[in-house]
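Thanks for coming, everyone. I'll walk you through one structure today. Please have a look at it first.

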Amino acid sequence: AALEARGARDALADLHARLGERLATLGLPVEQRPYRPHVTLARKALGAGPPTGEEGVTWRCGAPVLLVQSLPGGGGYLPLACLA
């Protein structure tokens, strides 16, 4: 299950584009799939269902913010950087 961004899409898309441009100038590979900002809430949650009700979820990002790399095969995450 995942939460998708509603309010900050433009800012996130701009950040994603700038990061991709910078990676390309460094000769690093850039993901070609369309960018879909989200927060993963559950992985491999067979049989789990979404919450009932119509209320939305508000989530604010505070410090620190952690940049992580997803490991292949669902092996977890590798912390890369922390912004305090």
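Let's start with the charged pairs. The structure holds two salt bridges. Keep in mind that this is a predicted model.

Here is some background. Side chains of opposite charge can pair when their charged atoms come close.

Take the first pair on my list. Asp14 and Arg18 join their side chains in a salt bridge, at 3.1 Å from N to O. Why do these two sit about one helical turn apart? Because they are four residues apart in helix H1. How open are they? Asp14 has 41% relative accessibility, so it counts as partly exposed. Arg18 has 48%, so it is partly exposed too.

Now the other pair. The side chains of Glu31 and Arg33 meet in a salt bridge, 2.9 Å from N to O. Glu31 is partly exposed, because its relative accessible area is 47%. Arg33 is at 61% relative accessibility, so Arg33 counts as exposed. The cut-off for exposed is over 50%.

Let me step back to the whole chain. What does the protein chain contain? One helix and four strands. Read along the sequence, the order is β-α-β-β-β.

How confident is the prediction? The protein chain has an average pLDDT of 78. Of its residues, 74% score at least 70. Among the elements, helix H1, residues 9-25, has the highest mean pLDDT, at 86. Strand E1, residues 2-4, has the lowest, at 61. Where pLDDT is low, the predicted coordinates should not be read in detail.

Next, the strands. Strand E3 covers residues 65-70, and strand E4 covers residues 77-83. In which sense do they pair? Antiparallel, over six bridges. Val65 stands opposite Leu83 in E4. Together, E3 and E4 make a hairpin, with six residues between them. Look at Gly73 in the turn: its phi is positive, about 70°.

Leu66 lies in strand E3. What does Leu66 touch, leaving out residues up to four places away in sequence? Pro79, Ala81 and Cys82. Take Ala81. In sequence, Leu66 and Ala81 are 15 residues apart. In space, their C-alpha atoms are 5.9 Å apart. Leu66 still counts as partly exposed, because its relative accessible area is 49%.

Now the surface. The protein chain exposes about 7,700 Å². Carbon and sulfur atoms supply 59% of that area. Which residues form a nonpolar patch? Leu23, Leu26 and Leu28, with about 250 Å² of accessible area together. Leu23 belongs to helix H1. At 34% relative accessibility, Leu23 is partly exposed, because that value falls between the cut-offs of 20% and 50%.

And the inside? The protein chain has 84 residues, and buried ones make up 4% of them.

One last number, on contacts.

To recap, briefly. We have one helix and four strands. We have two salt bridges, Asp14 with Arg18 and Glu31 with Arg33. We have an antiparallel pairing of E3 and E4. And we have a nonpolar surface patch of Leu23, Leu26 and Leu28. That's my tour. Thank you.

Terms used:
Residues numbered from 1 in each chain as written. Predicted model: local features only at pLDDT ≥ 70, side-chain atom pairs only at ≥ 80, totals over all residues. Heavy atoms only, no water. pLDDT = per-residue confidence, 0-100. Patch = residues over 30% accessible without salt bridge, like charges linked within 9 Å, V, L, I, M, F, W, Y side chains within 5 Å. Areas by Shrake-Rupley, 256 points an atom, 1.4 Å probe, with all protein chains shown as cover. Salt bridge = Lys/Arg side-chain N within 4 Å of Asp/Glu carboxyl O. Buried < 20%, exposed > 50% of the residue type's maximum accessible area, 1.4 Å probe, protein only. Pairing = 2+ DSSP bridges. Contact = heavy atoms within 4.5 Å.
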